[in-house]
Amino acid sequence: VDPDVEVNKAAQIVIAALENHIKQLVLAEREACAKVCDAVDDGKDEFIGAVYCAAAIRQRGETK
């Protein structure tokens, strides 16, 4: 701890770091879910929804 840094400033730095970490975790989890959908798609017509599911999951990450 740097005694020259104000408590509010230190709190802002910690919160920003946590916020960034959470965003990275969410992106990683979203991609992991999309990959599960990709794995379900085996090219058969009954699994065509898996392709759309994976695309929707990935698109959600691009719009937020």
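This is a short chat about a predicted model of one protein chain.

Me: How are the residues numbered, and what are the cut-offs for this predicted model?
Reply: Numbering starts from 1 along each chain as its sequence is written. Local features need pLDDT of at least 70 and side-chain atom pairs pLDDT 80 or more, while totals for chains, interfaces and linings use all residues, and side-chain values use heavy atoms, without hydrogens and water.

Me: How many helices and strands are there?
Reply: The chain has 2 helices and 0 strands. Helices (H or I, at least four residues) and strands (E, at least two) are DSSP runs, numbered from the N terminus.

Me: What span should α1 have?
Reply: Helix α1, residues 7–40, has 34 residues and should span 50 Å at 1.5 Å a residue; its end C-alpha atoms are 50 Å apart, which agrees. The expected span is 1.5 Å times one less than the number of residues.

Me: Which residues in α1 are buried?
Reply: Arg-30, Ala-34 and Cys-37 are. Buried means under 20% relative accessible area, exposed over 50%, and partly exposed in between (1.4 Å probe, protein chains only). Of the chain's 64 residues, 9% count as buried.

Me: New topic. How many salt bridges?
Reply: There are 2. A salt bridge is a side-chain nitrogen of Lys or Arg within 4 Å of a carboxyl oxygen of Asp or Glu.

Me: What does Arg-58 pair with?
Reply: Arg-58 pairs with Glu-31 at 3.0 Å, and with Asp-38 at 2.6 Å, N to O. Asp-38 lies in α1 and Arg-58 in α2, so that pair ties together parts 20 residues apart in sequence. Shared partners join Glu-31, Asp-38 and Arg-58 into one network.
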